[in-house]
Amino acid sequence: MMRMMKKKMVKKQPLQSATVLLLLLLSLQFSSRVARSQRVPAMFVFGDSLVDDGNNNFLNSIAKSNYYPYGIDFRGPTGRFTNGRTIVDLLAELLGVSYPQPYADPGTTGAKIFSGVNYASAAAGILDETGQHYGQRFSLSQQVLNFETTMGQMRTMANGTALSRYLAKSIVIMVFGSNDYLNNYLMPSLYPSSYNYNPPDFANLLLNHYARQILALYGLGLRKFFLAGIGPLGCMPNQRALAPPGRCLDYDNEILGTFNEGLRALVNQLNGNHPASIFVYGNSYGTFGDILNNPAMYGFNVLDRGCCGLGRNQGQITCMPMQMPCVNRKEHVFWDAFHPTEAANNILSQRAFYGPPSDCYPINVQQMALI
């Protein structure tokens with residue numbers, strides 16, 4: 001009789017153990033999400049088309065991506081300049097926070113703004129005049145003003161102490177500089193900057209403007225900043241179309257050194273002057289360069305042309321409405337003439353989140369979240 005009872009109990013045990021284990025896993029998963037959301041309540045994003053998630057949809061601009069095949073692999077055309085998710089979307093997932101909502105969307109109001117806001121705008125630059133030939137865009141200085149508007153709304157819904165704590169724990173992502181070269185300095189027929197400044201002086205002009213706006217955001221209460229450097233612009237399909245076959249446009253890449261080195265030095269200076277904050281430099285040039293130098297390691301076999309575009313390298317004219325894109329999108333580094341695919345963005349986000357100091361200096365995004 002005892003043997004029979006034991007057998008019956010053994011039969012029931014796996015089911016009970018599985019149930020307990022499932023409940024434990026669900027509890028741990030929930031606790032992990034709560035912990036992460038408390039640690040980093042939101043992201044605030046400032047930048048250009050690399051991280052724009054739809055702001056230009058609401059502006060009088062020709063720099064838009066609110067049409068098929070943009071977004072073919074994620075939610076359809078939302079205004080993101082890629083086939084899927086941007087690096088900001090992917091970092092939000094890693095942090096366990098909501099995708100920041102586009103500032104210009106009329107629906108980004110009320111309690112929703114506490115989930116994070118994206119101010120990035122295609123064609124925007126550090127300098128106000130950058131990208132003006134595209135029409136309306138939110139420049140860096142305007143994006144900071146837009147954040148001040150958001151702050152005004154937040155103050156009506158949260159007390160000062162709670163708001164200060166919330167801002168100090170939130171993470172700021174800033175992605176600027178590419179347009180100041182592509183849509184300013186490297187366009188002498190439209191902009192006089194290359195006549196007025198040599199490359200090092202222009203880089204220092206950008207850094208001085210950038211530093212002022214970063215400090216303005218710091219003055220508003222933000223304390224955790226991820227500042228992305230500029231990637232190898234000369235290797236994007238649009239610039240390769242101007243270079244000898246099989247080559248990047250070397251001049252574009254060479255003139256970026258002063259800016260990227262200066263931004264890293266600025267991070268050291270800011271961290272030294274503001275010990276209760278953390279400023280991180282994202283080595284976009286090095287990380288993206290690694291992808292281009294070792295494409296097979298990351299699963300890519302097409303690195304010199306866009307998945308969607310026209311002309312040489314599918315980069316002379318960017319992706320057009322209803323154009324049929326390539327099928328093997330996960331094997332392409334570039335989606336269109338200027339922007340990475342989701343597959344490339346995924347690697348960039350992983351390196352930013354988990355990477356060593358050579359990728360993210362002095363700490364990575366995961367470590368920044370724990371502070």
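Trainee: Axes here are lines fitted to C-alpha atoms, for helices over the stretch in contact, with angles from 0 to 180 degrees between N-to-C directions. How do the axes of α2 and α12 cross?

Mentor: Remember that this is a predicted model, with local features needing pLDDT of at least 70 and side-chain atom pairs pLDDT 80 or more, while totals for chains, interfaces and linings use all residues. Numbering starts from 1 along each chain, and side-chain values use heavy atoms, without hydrogens or water. Helix α2 (residues 87-95) and α12 cross at roughly 45°, and their axes come within 8 Å. Helices (H or I, at least four residues) and strands (E, at least two) are DSSP runs numbered from the N terminus.

Trainee: What do you call the arrangement of α2 and α12?

Mentor: That angle makes α2 oblique to α12. The other labels are roughly parallel (under 35 degrees), roughly antiparallel (over 145) and roughly perpendicular (65 to 115).

Trainee: Which residues in α2 and α12 meet?

Mentor: On the α2 side you have Ile-87, Leu-90, Leu-91, Leu-94 and Leu-95. They meet Glu-342, Asn-345, Asn-346, Leu-348, Ser-349, Gln-350, Ala-352, Phe-353 and Tyr-354 in α12. Contact means heavy atoms within 4.5 Å.

Trainee: And how do the residues of that α2 and α12 contact divide?

Mentor: Nine are nonpolar, four polar and one charged. Nonpolar takes in Ala, Val, Leu, Ile, Met, Phe, Trp, Tyr, Cys and Pro, charged is Asp, Glu, Lys and Arg, and the others, Gly among them, are polar.

Trainee: Okay, another pair. At what angle do α5 and α7 pack?

Mentor: Their angle is about 125°, and the axes of α5 and helix α7 (residues 199-219) lie 11 Å apart. α5 and α7 are therefore oblique to each other.

Trainee: What touches what between α5 and α7?

Mentor: Asp-180, Tyr-181 and Tyr-185 come from α5, and α7 brings Pro-199, Phe-202, Ala-203 and Leu-206.

Trainee: Which residues lie nearest the pocket's centre?

Mentor: Asp-48, Ser-49, Leu-50, Phe-338 and His-339, out of 48 lining residues. Elements giving two or more residues to that lining are β4 (171-175), α5 (178-185), β5 (224-228), α11 (284-293) and α12 (342-354). By class the pocket lining has 30 nonpolar, 13 polar and five charged residues.

Trainee: Last topic, the backbone. Is the bond joining Tyr-68 and Pro-69 cis or trans?

Mentor: Cis, with omega about 10°, and Pro-69 is in the loop between β1 (43-47) and α2. Tyr-361 to Pro-362 is also cis, with omega near 0°; Pro-362 lies between β11 (360-361) and α13 (365-370).

Trainee: What about phi of Asn-313?

Mentor: Near 60°, which is positive. Asn-313 lies in the loop between β8 (309-310) and β9 (317-318). Most residues other than glycine have a negative phi.

Methods
1 Å grid on protein atoms, 1.4 Å probe; cavity = no way out; pocket = protein on both sides within 12 Å on 5 of 7 lines; lining within 4 Å.
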